[in-house]
Amino acid sequence: MSSQGGRRLFSQTAWTLGLGIVVLQILTLLIVVATVLYPLAERSAEDLAGLIVISAKTYTELSPEDRPAFLTSLRADNGMEIAKHLDRSVSHTHGHIYSWLLSRALSRRLGAPAAVYVLGGSTHTFWVPVPIGGHNIWVYFDRRRLVSSLPVAMIFVIVFSTLALLVLTMILVRRVLRPLEVISEALRGSLKAPLPSLPHGGAYEFQNILNIFANLRTRLQAMINHQSLLLTGISHDLRSPLARLRMAWELLPDNTPQHLREGMLQDIERMDALLAQSLALGRGMSAKVADFDLMVLLAEVGADFEREGGHWQATLPRRYPFRGDREALRRLLSNLLDNALRYGGGRVRAEFQKTQGRTQLRLCDEGPGVPEADLETVFEPFIRLDDARGHGEGSGLGLAIARQLAEAQGMRLRLFNAVGGGLCAELSWTA
């Protein structure tokens, strides 16, 4: 069962803050353009239009001898040139928002529509025809002359501040949420696993959460131990009355009907098996950690499974060193295989793989599977889904014991329905 119910908290927070910053900066840019840049551009276009008209009129009023000096001064002081004809060597024109503003300003000054041409080349050049004396005087200037007129620096400041805010937001969100990831891993781990350390410099509230979790874990473990002790004591105490019942069964008169004798014996044997499993569930696992080869253990339980009438098919590596309780792991695997023998058709396929730092062992049968809503319910003690699995035997403790043994060794046991049919039991642990 996947633990991911949605996107990670980091991505959700980062996307929310990131989009908020981008939208806010876009609105800021629009406000700056509407209230600062556009009015400045309009004022600049008005001033430039006046300068163009005055320069064209002055040029026409000067004598031919004085015009070269005027053109030199105009070029040096204002960055503009005057020509009698449009430069036809460059035919491609480009649109420019400033040409539209300048055209409007010229139209107002001249009292008639005035066109502004933006010719392409190594640099764009603005050409403005000024009608004087029945013909046009062409005033032109390089686009670079507009740089000082338009406060483009403000646009760059907003763009770079947006990028800086996004980077700082990612760093801040990562720093704030990193302790939550550590706490999440601690909550997902075994009750016996050591608690991780939080990153240095984190908020003290996260350390308080981890301390509260440590206290809750201690109390929960104590409660589990108490319940296990109680269950073990009750199961052990019932063994004596059960033994007396068996002795009484053996002393039954010879004239007792055979079906009654067999029925009583079956009830006694079922009670004995139930008490044995209850004792195993209550005792849990007293870990006897040692190094052994997991593949050898799998071969042994597979051989036992085949002797009981099952069919074992395994795709396993030759060796896999493992450290844990060998006998507890044998009981775990035996319980899973017994469940497959009872309900899964007696055919089991074993698969072993490593993915993303975790090792997985899967035991898949060919039975009817389990309804998706009950994949976790079957791990509860004394729960049997006979209708789903097509069998009425068993006490309902096998999978509960198997999960308890798995968690005691730092493993995770889950069930899922295979795509092609059948039920798979998956054991996974950190490689």
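## Strand pairing

Two strands count as paired if DSSP finds at least two bridges between them. In this predicted model, strand 8, made of residues 347-355, is joined to strand 9 by seven bridges, and the two run antiparallel. Within this pairing, Gln353 stands opposite Gln360 of strand 9.

Strands 8 and 9 form a hairpin, with two residues between them. Gln356 lies in the turn and has a positive phi of about 50°.

## Strand 9 and its other partner

Strand 9 also pairs with strand 11, which covers residues 423-430. Seven bridges join these two strands, and they run antiparallel. Cys364 has Cys424 in strand 11 as its bridge partner.

Is strand 9 enclosed or open? Strand 9 spans residues 358-364, and five of its seven residues are buried, so the strand is largely enclosed by the rest of the structure.

## The disulfide

The structure holds one disulfide. It joins Cys364 to Cys424, with an S to S distance of 2.0 Å. The pair links distant parts of the chain, as Cys364 in strand 9 and Cys424 in strand 11 are 60 residues apart. Both cysteines, Cys364 and Cys424, are buried.

The torsion about the S-S bond of Cys364 and Cys424 is about 110°, so this disulfide is right-handed.

## Annotated transmembrane regions

An unreviewed UniProt entry places the feature "transmembrane region" at residues 15-38 and 150-173. In the model, residues 15-38 are 100% helix and 0% strand. The end C-alpha atoms of residues 15-38 lie 32 Å apart.

Methods. Residues numbered from 1 in each chain as written. Predicted model: local features only at pLDDT ≥ 70, side-chain atom pairs only at ≥ 80, totals over all residues. Heavy atoms only, no water. Buried < 20%, exposed > 50% of the residue type's maximum accessible area, 1.4 Å probe, protein only. Helix = DSSP H or I, 4+ residues; strand = E, 2+ residues; numbered from the N terminus. UniProt positions renumbered as here; feature names shortened; annotations may be inferred. Disulfide = S-S within 2.5 Å.
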